[in-house]
Amino acid sequence: MIISKICINLCNLRTSATDAMRTLWKGNTTMKNDCKYFKTQLIRQTIYKAVPRFVIGLLIVLLWNKYINVDNFYSVVEMGFFVMGAFFAVLAWINYLKIDKIKILGFDIFQRERTKPRKNIHWMKDMVDYVDEPTPSFDKLSDDEQLITLLMTNVFTSVCFLVPSFIAMMI
């Protein structure tokens with residue numbers, strides 16, 4: 001954990017290695033507190049995004065088993081699930097780095113321009129005003145909330161693939 005914080009400080013090119021160590025020992029790090037971004041409305045968005053990712057990953061594993069793993073040299077649960085779980089873990093790590101505004105070279109070509117939706121300003125807000133409103137869609141969330149949702153989605157999907165894989169490896 002300490003090594004990753006030092007690397008993040010060095011990657012931002014804001015401080016030297018000694019300054020990075022000093023900020024770590026003082027408790028001032030560049031890492032954001034992710035708990036302050038967590039909101040309960042993000043759980044539904046996480047589930048909505050995790051289920052299709054799990055199904056697509058399961059489909060890829062089954063297609064790999066049928067067409068590439070013809071001789072059944074590898075077990076589907078051990079090898080296929082482990083590779084898909086590792087893939088989603090790498091995606092979660094990339095999203096974790098994006099939360100700290102670390103840019104990965106070569107990934108900026110995949111970014112699209114987003115227009116911010118206009119928010120209606122209500123002067124008086126009561127609980128009754130929010131009863132009939134549906135939950136906000138993923139596009140209407142702020143950029144930080146979208147990154148937190150993608151991080152939780154990739155971690156959840158990775159765990160769904162890695163847990164059966166590790167259980168199969170132990171048996």
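1. Read along the sequence, the pattern of the protein chain is α-α-α-α-α. That makes five helices and zero strands. Note that this is a predicted model.

2. The protein chain has 171 residues, and 27% of them count as buried. Its exposed surface comes to about 13000 Å². Carbon and sulfur atoms supply 66% of that area.

3. Now the contacts along the chain. Take those between residues at least 6 apart in sequence: 72% of them join residues at least 24 apart.

4. Look next at threonine 149. This residue sits in helix H5, which covers residues 143-170. Threonine 149 has a relative accessible area of 0%. The cut-off for buried is under 20%, so threonine 149 counts as buried.

5. What is threonine 149 in contact with, leaving aside its neighbours within four places in sequence? The partners are Leu42, Gln45, Thr46, Lys49, Phe138 and Leu141.

6. Phe73, Tyr74, Met79, Phe82, Val83, Phe166 and Met169 make a nonpolar patch of about 690 Å². Helix H4 (76-99) and H5 are the elements that give two or more residues to this patch. H4 gives the most, with three residues.

7. Is phenylalanine 82 buried, exposed or partly exposed? Its relative accessible area is 32%. Buried means under 20% and exposed means over 50%, so phenylalanine 82 is partly exposed. Compare threonine 149 in H5, which is buried at 0%.

Methods:
Residues are numbered from 1 along each chain as its sequence is written. This is a predicted model: local features need pLDDT of at least 70, side-chain atom pairs count only at pLDDT 80 or more; totals for chains, interfaces and linings use all residues. Side-chain values use heavy atoms; hydrogens and water are left out. Helices (H or I, at least four residues) and strands (E, at least two) are DSSP runs, numbered from the N terminus. Buried means under 20% relative accessible area, exposed over 50%, partly exposed in between (1.4 Å probe, protein chains only). Contact means heavy atoms within 4.5 Å. Accessible areas come from the Shrake-Rupley method with a 1.4 Å probe; for residues, only the protein chains shown count as cover. Patches are made of residues with over 30% relative accessible area and no salt bridge: like charges are joined within 9 Å, nonpolar side chains (Val, Leu, Ile, Met, Phe, Trp, Tyr) within 5 Å. A salt bridge is a side-chain nitrogen of Lys or Arg within 4 Å of a carboxyl oxygen of Asp or Glu.
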